[in-house]
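Please keep the sequence and the model at hand while reading.

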Amino acid sequence: MVRPRETVRIRDLVRRIEAATPPGRDRAVDGLRAVAILGVVLGHWLVTALVADSGTLRAASPLLYQPELTPVSWVFQTLAVFFLVGGQMGAKSHDCARARGVTYRRWLHARLARLFRPVAAVLTVWAVAAGALLGAGVSLLTVHTLLILVLSPLWFLLVYAVLTAATPLVARLHPLWPLAVVLHVDLIRFGFDGPAWLGWVNLAAGWLVPYCLGAAWGRGRLRGRTAGWVLLTGGAVVTAGLVLFGGYPAAMVGVPGASISNLNPPTLAAVTFGLAQCGAALLLRGPLRRVLARPAAWAVVALVNLAAMTVFLWHQTAMMAVSVTTLRLAGPQTGLHTVPDGPGWVLARLCWLPAFAGALLICWAAFHAYEAGRPRKGGGGVVRGGGVVRGGGPGGRVVRQGRPGKQAQRQAQRQAQKQAQKRAQQARHGEQRSV
């Protein structure tokens, strides 16, 4: 039960975040980014199992044992939406930096610093943890399984960093060009029995497609709903054709033991599926803006975006911490350490999700400072593109961990004073008319 004092604090936090948000901010962008991050987190928690087997832990997927759960991967594999939003933010940020006379080097450093500070923390902690586990006699197979789960998501950040660095070059690139590269790579790989390593070309080309779409969005294109419907229907139809007639797997995530993975590296089916997701995201802009016009809903999205990288980097650690601790204290548990081969496992896993979320909250409390960085003197940072950008920008009101900077506080106070004066004048005029 929420205490009255806590209710007051929450309301005050919501009010300050609302006051510190620039009026012209497109809140739908932040909403889409939050959806993308949370989709990846929930997807990993639902389709990743750590099976206890003869004193070791190995990774398994319920999608291998229960193919009927494949639609889960369609809902929670949201990386294309993240790259769409990343392209939109990158293009707008670079254009804004050029208009202010900021050099490319300074702009890139600011964009990448917030990505790699929390990465350094994760690598340091797990380097120590791996050594401690091996020293304690934990099997090499178990340590390898845990490290793979922690480190595998980092490829995503590496690709994102490369595309961010190339923003000035690729921002004006039409998405059909990288899509054509993906098409030809898959044609050579699967149609002409080409080398498997060629597929890794799609690691950049595949995610460049939604990134270019996002850049076009950031430069003022894709404003109408027509583009969203074309992408959604066209991407869905082509993806269905590739799965039904082209031999591509239906799951949009990697499944252990499968001969082809749609994600490692990305295939044409994964890219066309991403286009459908981008279309759906563009169509959701209007409804999201209306929902996020409510201060409470916007405060939740703003706080999620402020911790986006921390949540992404530590969510697997949170799941593994719960799994390993529970195994040591209570032995193997259904939905946590058992083979994911039936509906019982799914129901049990859903019951474990709050425990994962609690562990992730502890990780956030311990490591979110590495994402926030050090504030500059005289202000905080604008909530832009789902994160804190120190130094401000157009409409430089400030939100930092939900706390507006001094400039935003003074501006909010002036606005409150003006409103109070206006109400007082209206009251006096009303009294004069009544007399």
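## A buried ring pair

Phe 156 has a relative accessibility of 2%, so this residue counts as buried. The model is a predicted one. Phe 312 is likewise at 2% relative accessibility and therefore counts as buried.

The model holds 14 aromatic pairs. In one of them, the ring centres of Phe 156 and Phe 312 are 4.8 Å apart and the planes stand at 50°, so the pair is tilted. The two residues are 156 positions apart and the pair links distant parts of the chain, with Phe 156 in helix H8 (residues 154-165) and Phe 312 in helix H16 (residues 308-330). Ring pairs also build a cluster, whose members are Phe 82, Phe 83, Trp 155, Phe 156, Tyr 160, Trp 207 and Phe 312.

## Helix H2

Helix H2 covers residues 27-47, which makes 21 residues.

## Salt bridges

Side chains of opposite charge can pair when their charged atoms come close. The count for this model is nine salt bridges. One of them joins Asp 12 and Arg 16, with N and O 3.0 Å apart. Both residues belong to helix H1 (residues 4-20) and sit four residues apart, about one turn of the helix. Asp 12 has a relative accessible area of 27%, so it is partly exposed; Arg 16, with 23%, is partly exposed as well. Salt bridges link Asp 12, Arg 15 and Arg 16 in a network.

A salt bridge also connects Glu 18 with Arg 27, where the closest N and O atoms are 3.1 Å apart. How are its two partners placed, buried or exposed in part? Glu 18 is partly exposed because its relative accessibility is 26%. Arg 27 has a relative accessible area of 13%, which is under 20%, so Arg 27 is buried. In the salt bridge between Arg 189 and Asp 186, the closest N and O atoms are 3.8 Å apart. These two residues lie in helix H10 (residues 176-191), three residues apart, about one turn of the helix. Both Arg 189 and Asp 186 are buried.

## The loop between H12 and H13

Asn 262 is located in the loop between helix H12 (226-245) and helix H13 (268-283). Its relative accessible area is 0%, so Asn 262 is buried. Which backbone oxygen lies 2.9 Å from a polar atom of the Asn 262 side chain? That oxygen belongs to Ala 251. The side chains of Asn 262 and Thr 267 are joined by a polar contact of 2.6 Å. With neighbours within four places in sequence set aside, the residues in contact with Asn 262 are Tyr 248, Pro 249, Ala 251, Met 252, Thr 267, Ala 269 and Ala 270.

Gly 254 is also in the loop between H12 and H13. With a relative accessible area of 32%, Gly 254 is partly exposed, whereas Asn 262 is buried. Residues up to four places away in sequence not counted, Gly 254 touches Ser 261 and Leu 263. The C-alpha atom of Gly 254 is separated by 9.3 Å from that of Pro 265, eleven residues apart along the chain.

## Nonpolar cores

The largest nonpolar core has 91 residues. Which of them touch the most other members? They are Ile 37, Phe 83, Leu 157, Trp 207, Leu 313, Met 320 and Phe 356. Phe 83 and Trp 207 are also among the members of the ring cluster.

Phe 356 touches Trp 45, Ala 318, Met 319, Val 322, Leu 336 and Arg 349, leaving out residues up to four places away in sequence.

How values were computed. Residues numbered from 1 in each chain as written. Predicted model: local features only at pLDDT ≥ 70, side-chain atom pairs only at ≥ 80, totals over all residues. Heavy atoms only, no water. Expected span 1.5 Å × (residues − 1). Phe/Tyr/Trp six-rings, centres within 6.5 Å; stacked < 30°, edge-to-face > 60°. Buried < 20%, exposed > 50% of the residue type's maximum accessible area, 1.4 Å probe, protein only. Salt bridge = Lys/Arg side-chain N within 4 Å of Asp/Glu carboxyl O. Polar contact = N/O pair within 3.5 Å; in protein donor to acceptor, adjacent residues only side chain to side chain. Contact = heavy atoms within 4.5 Å. Core = buried A, V, L, I, M, F, W, Y, C linked by side-chain atoms within 4.5 Å.
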